[in-house]
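Student: Please take me closely through one part of this model, the sheet that the chain's strands build, and then connect that part to what surrounds it. I would like the terms spelled out as you go.

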Amino acid sequence: MRTAIIGAGIAGLSAAYELEQSRRSGAPVEYRLYESRARLGGSIASEVVNGAVIEGGPDSFITEKPAAAELCRELGLGDQLTLSNDADRKTYIVVRNRLVPLPDGLMFLVPTKLVPTALTPLFSLRTKARMALELLHPPRSAGQDESVAALVERHFGAEAVDRLADPLLSGIYGGDAAQLSARTVLPRLVEMETKYGSLTRGMLAAHQQMRARMSAAKPASGAATKPAGPRGIFTTLRGGLQQMVDALEARINPAWVRRSTAVTALEKTAAGWRVTANGAAEDFDAVIFASPAWAAGALLEPVDRVLGEELRGIPYSSSITVNLVYDESQLGRLPEGFGFLVPASEERSMLACTFVHRKFLGRTPPGKAVLRAFLGGMKNASLLAEPDEKLVATVERELREILGAKTLPAEARPEYAQVARWQRAMAQYAVGHQDRMTRIRERVAALPGLKLAGNAYDGIGIPDCIRLGRGAARELAATLAAVER
Ligand SMILES: Cc1cc2nc3c(=O)[nH]c(=O)nc-3n(C[C@H](O)[C@H](O)[C@H](O)COP(=O)(O)OP(=O)(O)OC[C@H]3O[C@@H](n4cnc5c(N)ncnc54)[C@H](O)[C@@H]3O)c2cc1C
C-alpha cells in the first residue's frame, strides 16, 4: 500500500512513524511525507540558546491526555519528560494594569469556592452576586450549539466572559469566546447544564464523585496508600519539544521524506489518488491530509467540492510568540507563578505572558529569566505584518506597564529576543463545529483511502494531533490487513 502524507507537523510525522512501524513489522507499506517547508515539525519549533530552551511554538502538552507522553516513551525520550512546576502554579489576569490572581477553586471557568470568589478583586460585587445565584440555575435541555461567551454569560454574566473565558481561551486557542463552540470546547459544562442546571453544582458533584471513587480505590487493609506524588498539569521535554520532532524524523525513512515540496494538486483516479508536487505526479492507494484544513480543502475541492468547502470553512487564527531572555540581575522581583493573561478589554497587543523559567524548572540556566509573550489571535491578526523590532519593543513596553518599572526597569534589555510568527496555524472550533464534522466525516467515508489528521478536527493540542495522526495510519494499515486476509 502506497500512502501520501501531506504535511509534516506533529500529526503527519506521527502518521509516518506509525506506517514505518507497520513496514518494519513486515507489512507491504510505502509512504511519502510531503512538507512545503524546509524543516519538519510544523508549529513545533524549539531552539536552545546559551542553555535556555526557547519554544517558538507550543511549549508543552496537557499531562491528562496520554498520547504525547506515550509516544515520547516509545521514542526513548521517557527520561526527558518533565512536569510543570505546579507547586508554584499561579496565574494572573490583568485588570487595569494590575495583576489579579485567578481565585482559588476555579474549575474549567466555574467558581466552586465561596470565600475566594467572594474576596477576589477580579469581579465586581454584581458579578459575585450573580455567581452565588447561579446555584439556582434551572436545567436546560441541550439544544443548538452556542458560543462559549453565550454559555458563560448566561450563567455568570458579561464580566466573567471578559475577565475569565475570553482571556483563558485566547491564551489557548488564540480564539474568541464569542466564536468558539461551547459544545466542542466545553462539552463537560454543556452536559452539566442539562443535568444540574447550575454549573457550580455540577462541578461540585463531579468533584465529590471523583473523591468517592478515589477513596473506594484505597486498599481495604487500611495500609497507607502511596501519595499521588507531585503532578504537573503540563508536560514537556527537557531539551524542548523539538526533541520529539527530531526523534520521529530519525525513525522514518529519510528517502521517503519530501521537504520544501508543497503538494499542489490532487486527483482521484480509478485505482486511488494522484498527487502532484514540484510539477511531478505520483500515484498512491491512500492519502493522509495532515496539513491545515484550509490547505486540505483547497486541494480536495476539485475531487469533492462540498468537502473542500467544508474544510475551508473551518476558521484559523494566526499568532506570534516573542521570547525574551533576561539576566535576572537586570530585573526586580517577578510576581510568583507562571504568568498572566490579558483580557481584550485592556486593549493591548499581548494576550498572555509566561514566566518560562518558573513553569518548567531546569530548562533555563540559573540566573536567567525567560518571558514569553503570546500575541495576535482572532482579534489582532494584523500584528503579524509588523517587523520583529517593533513587536519586541511593543512587548517590552507592555511588560513594563503591566509588571511595573521596578520589576522591569527601563534600562533592562533582553540578552536575546526571538519572534516566531504562526500564520493561520491554529484551528478555531466555531459554533456548529460538531455538525460540520459530521458532514465532513460522511464525505470522507465516501472517498476510500482518504484520511484527515491534525488540529482542525478533534482536539487542538499536541496529544490530539498525535492520536489522530497515528489513528489515521493504523486505520489504513488495518484496511490493508483485511484485504490481504
Ligand atoms: C504559538 C502556538 C502555541 C501553541 N501552544 C500549544 C501548547 O502549548 N500545547 C499544545 O498542546 N498545543 C499548542 N499549540 C497547538 C499545537 O501546537 C498544534 O495544534 C499542533 O502542533 C498542530 O500540528 P499539526 O500537525 O496538525 O499541524 P501543523 O503543525 O500546522 O503542520 C501542518 C504542516 O503542513 C504543511 N503543509 C501545509 N500545506 C501543505 C502542502 N500543500 N503540501 C505539503 N505540506 C503542507 C505545513 O507547512 C505544516 O508544516 C500551539 C500552537 C501555536 C501556533
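Tutor: Two strands pair if DSSP finds at least two bridges between them, and the strands (E, at least two residues) and helices (H or I, at least four) are themselves DSSP runs, numbered from the N terminus. The model is predicted, so that local features need pLDDT of at least 70 and side-chain atom pairs count only at pLDDT 80 or more, while totals for chains, interfaces and linings use all residues. Residues are numbered from 1 along each chain as its sequence is written.

With that in hand, 7 strands form an open sheet with mixed pairing, in the order S8-S7-S18-S19-S20-S17-S21. Strand S8 (98–101) and S21 stand at the edges, and because each has a single partner strand, one side of each is left without a neighbour in the sheet. Neighbouring strands of this sheet are turned by 25° against each other on average, direction ignored, where axes are lines fitted to C-alpha atoms (for helices over the stretch in contact) and angles run from 0 to 180 degrees between N-to-C directions. Within the sheet, strand S19 (residues 350–355) and strand S20 (residues 368–376) run antiparallel and are joined by 5 bridges; Thr354 stands opposite Arg372 in S20.

A helix accompanies these strands: H14 (residues 388–403) lies across strand S7 (91–95), S8, S17, S19, S20 and S21, and runs at about 70° to S17. Contact here is counted between two residues whose C-beta atoms, placed from the backbone, lie within 7 Å.

Of the 36 residues around the ligand, Gly7, Gly9, Gly42, Pro58 and Gly461 come nearest, a residue being near if its C-beta atom, placed from the backbone, lies within 6 Å. Strand S17 (316–327) and strand S21 (416–427), together with helix H1 (10–24) and helix H16 (462–484), are the elements that give two or more residues to this shell. By class, the shell has 19 nonpolar, 14 polar and 3 charged residues, with Ala, Val, Leu, Ile, Met, Phe, Trp, Tyr, Cys and Pro counted as nonpolar, Asp, Glu, Lys and Arg as charged, and the others, Gly among them, as polar.

For contrast, there is another open sheet, in which 5 strands pair in parallel in the order S12-S2-S1-S16-S22. Strand S1 (residues 2–6) runs parallel to S2 and is joined to S2 by 5 bridges, with Leu33 in S2 as the bridge partner of Ile5.
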